[in-house]
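Morning, everyone. I have one structure to go through today, and I will take it piece by piece. Please have a look at it first.

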4 protein chains.
Amino acid sequence: MTHKVAILGASGYTGAELIRLIAGHPNIEIKALAAERKAGMEMAQVFPHLRHMKLPTLCKIGEIDFSEIDLCFCALPHKTSQEVISALPSDLKIVDLSADFRLRDPAEYEKWYGNPHSAVEIQKEAVYGLSEFYREEIKSAHLVAGTGCNAATGQFALRPLISGGLIDLDDIILDLKCAVSGAGRALKENLLHAELSEGYNAYAVGGTHRHLGEFDQEFSALAGRPVKVQFTPHLVPANRGILATVYVKGDAQAIHQALATAYAAEPFLEVLPFGEAPSTHHVRGSNFCHVGVAQDRIEGRAIVIAALDNLTKGSSGQALQNANLMLGEEETAGLMMAPLFP
Amino acid sequence: MTHKVAILGASGYTGAELIRLIAGHPNIEIKALAAERKAGMEMAQVFPHLRHMKLPTLCKIGEIDFSEIDLCFCALPHKTSQEVISALPSDLKIVDLSADFRLRDPAEYEKWYGNPHSAVEIQKEAVYGLSEFYREEIKSAHLVAGTGCNAATGQFALRPLISGGLIDLDDIILDLKCAVSGAGRALKENLLHAELSEGYNAYAVGGTHRHLGEFDQEFSALAGRPVKVQFTPHLVPANRGILATVYVKGDAQAIHQALATAYAAEPFLEVLPFGEAPSTHHVRGSNFCHVGVAQDRIEGRAIVIAALDNLTKGSSGQALQNANLMLGEEETAGLMMAPLFP
Amino acid sequence: MTHKVAILGASGYTGAELIRLIAGHPNIEIKALAAERKAGMEMAQVFPHLRHMKLPTLCKIGEIDFSEIDLCFCALPHKTSQEVISALPSDLKIVDLSADFRLRDPAEYEKWYGNPHSAVEIQKEAVYGLSEFYREEIKSAHLVAGTGCNAATGQFALRPLISGGLIDLDDIILDLKCAVSGAGRALKENLLHAELSEGYNAYAVGGTHRHLGEFDQEFSALAGRPVKVQFTPHLVPANRGILATVYVKGDAQAIHQALATAYAAEPFLEVLPFGEAPSTHHVRGSNFCHVGVAQDRIEGRAIVIAALDNLTKGSSGQALQNANLMLGEEETAGLMMAPLFP
Amino acid sequence: MTHKVAILGASGYTGAELIRLIAGHPNIEIKALAAERKAGMEMAQVFPHLRHMKLPTLCKIGEIDFSEIDLCFCALPHKTSQEVISALPSDLKIVDLSADFRLRDPAEYEKWYGNPHSAVEIQKEAVYGLSEFYREEIKSAHLVAGTGCNAATGQFALRPLISGGLIDLDDIILDLKCAVSGAGRALKENLLHAELSEGYNAYAVGGTHRHLGEFDQEFSALAGRPVKVQFTPHLVPANRGILATVYVKGDAQAIHQALATAYAAEPFLEVLPFGEAPSTHHVRGSNFCHVGVAQDRIEGRAIVIAALDNLTKGSSGQALQNANLMLGEEETAGLMMAPLFP
């Protein structure tokens, strides 16, 4: 059986990535592609790498007949997303890639995103979209809120350690190295090749990055008490990839064991042999996440490192994985392509 | 029905790329992976991006039981390849990715590669592996000789123009811009990141690049008279991609029409609207080749530009396409993945 | 004696490059920096790499007291430049880095730039700023029009061959590979890291690039008859550098000899041994231009390759070299720094 | 007065960088360049970017007449360096860029570098070459041991905080992001463009990087008690630059104040306004180090970030700075060039 989907926000990187992935899915057909400002254009003009595909002409959201859509991917900016989703049919399955439905507490949403939430009732139904940890809820969900890409990476490194009580909850430092596509196709000076290539820097220093809201929510829930982590992202000159280097206090061997056990049956999570460090090179373009653990020379301290592709496992791949769960498809359908190396 | 294949030379980039592609093929199983110097190692150690796959341990060629192999990919260095293939069972289907069986005239081989050919009899059976132009011969071939990656790119731009008598045969200039993976995983100073990143240069200037042997052979055969082109490759700071900018004398509109007609039914060749220029960005990681034509401001001169991924359409993708033809599979099986962008 | 200069358009890359170079000049003091939209800001905010320098606060052009300025660099967009320069004191020495005064024929200017020239009288006084070939005129000039960066590169490869009557004037092809900083700090989608890194493409195909106006003007004047070249620029993923691969018909040895003779006494032009190819790696950040010549395998055809840094020798370095000539300084003052490698 | 210098190990990146810097020094002349395996070659062959300079032909160390040398830079591999220096005239001023004389305790040297030290007596005379903190000792030193590039970066972030008693000495984490030229011109697979470009990874995880020996020595001496830091380096796809993100427990404002005070009179150290983060983009090719401090959202935690160019301030620039001190030259001579951006 073929499921019919629409993608709202098809002219951004996560939209294009969804199309790339769905192209390899046996049972999903793209029925509509919306991009307000580019309505009327062909995808081949917006993303020439999709030139070979037969795709619907870009349209406005209002032009879509949702009665023939089984599931809708929303790859829209936050704030826009909640407005658009409020107006969609209430029985439509939705995978939202924006930040709008990730935080369960509207006050937290407003604190991190600056605007009051305008769809609080809908938010109550949203399931947090970290597939490996919310699998059952996602299967029956109406609306799944895709996670932040940084938030996903950090959680893959830390969730089993927090739920297992293996680390000091008051001393967790996440130093993230992020590729540039996470910032989207926005025209900003610091995203220009001439400004980014051959150099790197921290940003949002001091704990101001919005994905902290997700860390706080998820880690506190797991621990049953408030957990606040330190999180400093860095922008590095690469197009895809997130590498989270996580500094924790705990027993490195026990940590490695906990991760290996937690992910033993997971198709997309690979725990490396003890002491090995993953690389974003080895997950690029794929839905895999590689996790490594090392013992520091200082007793009782461990380093956990997780690597994934922000556009795939961190965003559109995760979205398709969740859609598979919601549609009753194989969870891995369309997602088992190997990384592109070199 | 599942076909069983072996890959000889699995520790190089073209070997790894074959594995990546075959992972998405419905009817091919990898039965053996050989790499002489790394025999005994797991692929996950040699190419960690393939860590998630269940693959045979690397072995020596002599350890393979070829009676259970339907087709063998040889991704070995030239000269080694002819020696190894001479010793393989004579009824084994072989796709060779090296330069050893591309040139039909052993004297030409020796001229360009410096050593006498040691398997002249086998060479007589070899079919030149440019799938789109040797399709029927490949279907019934025992041994297919994969083309040079630069040679493939130039031919996609030029063959229909030469066979159509549309251009001046004495004034063809190919200016190629090549990414670094074409040089393989060799440890050479000029391939280091510090030496290559942020700069670019011509190499093999003056018509000394070995792929000229293929151009001479193929273009002369098409034209029915000797054709010698100018060909200057450049090394640019990127990992995948070849862009051929070809300067010809002829009518640009007729040239565009000839290419559009020649490739109308081809699944992997996309001819762009007249005047548009392709980009290697838009074919990366895929088996597609984009071709564009523009009219120069000088009457009677045209520019033809072809872009492909050297490791895919220029090498391992082409090899799998040929294997599909030889095995009676759909020609596109395992090869329709969209390019990775960004 | 210290010369006092102003830089108009200090918030762009060529403005910043001028400051970098003047920092190493023994006898030039920066007295004013203008940038209309960023007036009031410190350079450290606009270009943090200049943080260590004591520089004037950015101001509006109207705020500058030109009576205390000996020479003014205009690093403004074309069209704006002619308007601004029309309003400057008529006795002020000016080095213009824009395209506005390069073309002596206003009709040619309008043809390539789309707008009628609004300062035709001033244009008559302008000297074309290719230092090595207009040295004497520049010394006594009031207004020097810096060349296009591509135009400079192509001319270094070709002028001695055209003036020496060494090549076929009807068959000259320039295939240029350009780094991204030549496009300036503009916010355009194709200049984003995610869009440019790891790929490359031709642009302005078919002879539509504006620098053709300069080639036409200069080569025709040299030859004493109309000369039209083919010129196709390519955008490659690097920040600095232009590599011109020039295909000509003529005797390669004579060509090499002519270039070696022409540039024997030039401090910034290095002619490589016959057969060697230059690289943009080896001129980055410097005012040097490397030129190489090779004989093609086809008799009577030669390849001339020139490499320079578009922001230095192609723009701001050239501007300072011209300012040195105009001010009676050593031509090389502030310009002998070695390239940055790696 | 012109000082005559020799550079031993002139065929590596630090050797070439020394030549680049000395080219801009008013009072230093390069009298000899040694490179054992490339003796007899011209520098233009080994480093074509230095083609324009008149430089001595590469020779063997044994061919140098040290009686006419005032100061010798040793840019040799560790272990080789101590052997070579043992055989040099005892009154020759030496700046060593290797690791051989950095660690005062021979047991520590052997622990980190694996071989016993063979020049223990000479080591006793060596002064640790962090110019800003050993200035007086360096002025009168016979042998100065250049610091590790990572070690320098971390110390610029931390020394004033440790000596000022401002941070918890038992909880210091250095997460470093290092460009590839720090690994030298060695032919290693992970340094190839195809392996490094577009991805990044941690290495030497778990506190195994050799520069920890320097951190231990210097921080413990400053604190008057053993101090052990956590240090995880990462390899990022860039050619120059080190960014140290340092996580400490202490008052961020006090930390910022201490750094601002400590570096107020330093010509090469720039402390950014509170809350701003430095970037390696803004120090490339220069001898500057930018330092920033931010307050984490968690009370009592601060992030200190330092950025420098590993080949300049981290190695050859530091070496020239030290040579200036030893020779009685202005400390900044030849070192005030602005960074190259973009």
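One definition before I start: a helix here is a DSSP run of H or I with at least four residues. Also, what you see is a predicted model.

With that, take Ala157(C). This residue is found in helix α7 of chain C, which covers residues 149-163. Is Ala157(C) buried or exposed? The cut-off for buried is 20 or more other C-beta atoms within 10 Å. Ala157(C) has 25 other C-beta atoms within 10 Å, so it is buried. Which residues does it touch, leaving out those up to four places away in sequence? They are Ala244(C), Val246(C), Val291(C), Val304(C) and Ala306(C). For a sense of distance, Leu192(C) is 35 residues from Ala157(C) along the chain, and the two C-alpha atoms are separated by 31 Å.

Staying in chain C, there is an open sheet of seven strands. The order is β3-β2-β1-β4-β5-β7-β6, and the pairing is parallel. At the edges stand β3 (58-59) and β6 (127-128) of chain C; each has a single partner strand, so one side of each is left without a neighbour in the sheet. For β6(C), the parallel pairing with strand β7, residues 143-145 of chain C, consists of two bridges. Within that pairing, Tyr128(C) is opposite Ala145(C) of β7(C).

Strand β1, residues 3-8 of chain D, runs parallel to β2(D) and is joined to it by six bridges. One residue pair to look at is His3(D), which sits opposite Ile28(D) of β2(D). Between these strands, the chain goes from β1(D) through helix α1, residues 13-22 of chain D, to β2(D), and this β-α-β crossover is right-handed. β2(D) is also joined to strand β3, residues 58-59 of chain D, in parallel, through two bridges. There, Ala34(D) has Cys59(D) of β3(D) as its bridge partner.

Further along chain D is β10(D). How many of its six residues are buried? The count is six of six, and the strand is mostly covered. As for pairing, β10(D) and β8(D) are parallel, with six bridges; Ile173(D) is placed opposite Gln230(D) of β10(D). With β9(D), the pairing of β10(D) is antiparallel and has two bridges. In that case Ala202(D) faces His234(D) of β10(D).

That brings me to the contacts between chains. Between chain D and chain A, 42 residues of D are in contact with 42 residues of A. Several elements give two or more residues to the chain D side, among them β8 (173-178), β9 (201-202) and β10 (230-235) of chain D. That side divides into 18 nonpolar, 15 polar and nine charged residues.

For chains B and D, the contact involves 14 residues of chain B and 14 residues of chain D. On the chain B side, seven residues are nonpolar, four are polar and three are charged. How are these copies related? The same surface serves both copies, since 100% of the contact residues of chain B recur in chain D.

Last, a residue in chain B: Glu331(B), which lies in the segment after α11 (312-327) of that chain. With 19 other C-beta atoms within 10 Å, Glu331(B) is partly exposed; the cut-off for buried is 20 or more. Leaving out residues up to four places away in sequence, Glu331(B) touches Pro267(B), Gln321(B), Asn324(B) and Leu325(B). Its C-alpha atom is separated by 21 Å from that of Ser98(B), which is 233 residues away along the chain.

That is what I have. I am happy to go back to any part of it.

Conventions
Residues are numbered from 1 along each chain as its sequence is written. Chains are lettered from A and ligands numbered from 1 in the order in which they are written. This is a predicted model: local features need pLDDT of at least 70, side-chain atom pairs count only at pLDDT 80 or more; totals for chains, interfaces and linings use all residues. Two residues are in contact if their C-beta atoms, placed from the backbone, lie within 7 Å. Ala, Val, Leu, Ile, Met, Phe, Trp, Tyr, Cys and Pro count as nonpolar, Asp, Glu, Lys and Arg as charged, and the others, Gly among them, as polar. Two strands pair if DSSP finds at least two bridges between them. A crossover is right-handed if, with the strands pointing away from the viewer, the path from the first strand over the helix to the second runs clockwise. A residue is buried if 20 or more other C-beta atoms lie within 10 Å of its own, exposed if 12 or fewer, and partly exposed in between; C-beta atoms are placed from the backbone.
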